[in-house]
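Q: I have a structure open and would like to learn how to read a few of its features. Could you walk me through them?

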Amino acid sequence: MGVNRGCEAWARFRLVFGFVVGLMAAACGDDGGAAKQATDGGGEGKGTSDDCIPGDEGCACASGDRCLPPLRCVADFCVMAAEDGGGADDGGRGAVDASGTGDASVDAGADGGDGEADASAAEAVDGGASDCTGTPGGSAVEDCAGVCNGPAVVDMCGACDSNPANDCVQDCAGTWGGSAVEDCAGVCNGPAALDMCGTCDSDAENDCVQDCAGDWGGSAVEDCKGVCGGTSICFETPCDEPGAREPLSALAGETCYAFQVHAAGSDAPFEVSSGESYHEFIFAVPWASGDVATRYGVDLAGTTVPYKLLVVEYNTPQEAGTVNAFVTGAILGVGGPLIGMWAAGGCNVVMPDDVGLRLAAPDKKILVQWHMINTTGVDQPVAPSVTYCTVAGPSRAHQAGITMLGTENLNIAAEGESERFGTCINDSGAPIHLLMFWPHMHRLGTNMRTEIRSMDSLSWTPLFDAPFTFMQQVHHVASAPVALPDAGLLRSTCTYFHEAGATVAFGQSRSQEQCYQVAFSYPAGELDNGVLSLIGLPNTCWQFGE
């Protein structure tokens, strides 16, 4: 039925020839025959023999060899297949099922009626399938990289290689190959991180930073001259900072007291006539003994008439509430130490955290003297005030006082630029610490300079040097307290420019001149040398006549 009969005859001849060879082997004492061993798994079969003819029945066909018709390659071996499931034309040899994988058997007549053939080709395959090395029944297999008996394996993330060191692992959330990690606080995918100083938290605002020397968390800072770790001291005004002139209110632990200008016998605003004038207002001391000031400042209450302020401990029998209008400005004989000053353009004075400013004693009065300049041409109602914020004295390590340096020996001729100076000697027997300066001159003043030297030195060292503006008088705070040694000297020099007109002498009026370098220092009063100023204040430090 479509089969090449010549090929079939050749195949039958080979089968009969094989049968005869089997009988001869049996006669020679062979145990069942090589052909049977090949088919029943008892020995090496034709499929593995070196003399296997390619395409012959029972020979391997997995390598691509074609089987001789009418043989077919089934399960990697050449086997006899019957057309249409096997029939009479096939001599009863048996058939391969329609799928090509059924048993193939030799009919009984082929071996002289002894029964079934030794084994089918399919049975030979089942008993001796080769592994990846070609060994029938062997256990060698290809690894995930296709290498026979290779070392590569697939890890939990599907990666195939032979390096166990790079196998994926579970992250802290249990995900194989995931990226979740514990933060420094042990929280999976948490926000905490170590800063450069080894601190673990989730607040980036408190991370340590490098100091000027490049050390993380270091304390080195640039001095006022820009030198990292330097010791230069500079004086800067705080009056350019936001809120520097805002009215004061109490901070935690403070008590604040306001001393406001008022009309005589009432709380109404005080009337200031046109021109230049001085007025004094007497107040009771409201704080306890030993209290010190942390801050003080002026509230102009919307007017520009006030020009200068002096606050003095007052030795007077006058009652609190007394108003002394249109005085000369001098307070000779009744003035105690100066406890505050201010001038046009000035701002709030804030003491260092460990320093309090000396105040008037509770058994004294407070005199607030205002120098007014009314240029409007009409009387002006004014109600400015000065406010002191205080704490108990023991809460501050140091108590500071105010001392006037400079000179009152002034006669300034119309000769262009000129200078006047005064020298202060520390005769207290111990170091004195300078905190801030507040230069004060009138309209001819252009600059204030202060120098420092020890008694055994012949050269002056610059300490403070700043331009001066009559209507913009500000104080300057040292970047660190300046130690004036025992017997050390301070020389304060006022520079004036006067090119025309009469000689100008010392005086209170703006048409006259002054040369005061107002110093804030501690211990309080130790810088004073007891020379009474021409305006009646005892806390000065200069050599008379300079």
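Q: What volume does the largest cavity have?
A: A word on the source before the value: this is a predicted model. A cavity is a space where a probe fits but cannot get out. Here the largest cavity has a volume of about 70 Å³, and the search of the whole structure finds 1 cavity of 30 Å³ or more.

Q: Which residues line the largest cavity?
A: Lining residues have an atom within 4 Å of a cavity point. Among them are Lys308, Leu310, Leu338, Met341, Tyr516 and Val518. His440, Gln508 and Ile535 belong to the lining too. By class, the lining divides into 7 nonpolar, 3 polar and 1 charged.

Q: Which strands each supply at least two residues of that lining?
A: Look at β12 (306–314), β14 (335–343) and β29 (515–522).

Q: Where is there a cis peptide bond?
A: For this one, look at omega. The bond from tyrosine 522 to proline 523 is cis, with omega near 0 degrees. You will find proline 523 in the segment after β29.

Q: Which value of phi does alanine 301 have, positive or negative?
A: Positive: phi of alanine 301 is near 55 degrees, in a residue other than glycine. Alanine 301 sits in the loop between β11 (292–299) and β12.

Q: Why does alanine 301 count as partly exposed?
A: Partly exposed covers the range between buried, under 20%, and exposed, over 50%. Alanine 301 falls there because its relative accessible area is 48%.

Q: Where does alanine 487 lie?
A: In the loop between β26 (476–484) and β27 (489–498). Phi of alanine 487 is also positive, near 70 degrees, and at 23% relative accessibility alanine 487 counts as partly exposed.

How values were computed:
Residues are numbered from 1 along each chain as its sequence is written. This is a predicted model: local features need pLDDT of at least 70, side-chain atom pairs count only at pLDDT 80 or more; totals for chains, interfaces and linings use all residues. Side-chain values use heavy atoms; hydrogens and water are left out. On a 1 Å grid over the protein atoms alone, a cavity is a set of points where a 1.4 Å probe fits but cannot get out, and a pocket is an open set with protein on both sides within 12 Å along at least five of seven lines; lining residues have an atom within 4 Å of a point. Grid points are joined across faces, edges and corners, and a volume is the space filled by probe spheres set on the points. Helices (H or I, at least four residues) and strands (E, at least two) are DSSP runs, numbered from the N terminus. Ala, Val, Leu, Ile, Met, Phe, Trp, Tyr, Cys and Pro count as nonpolar, Asp, Glu, Lys and Arg as charged, and the others, Gly among them, as polar. Buried means under 20% relative accessible area, exposed over 50%, partly exposed in between (1.4 Å probe, protein chains only).
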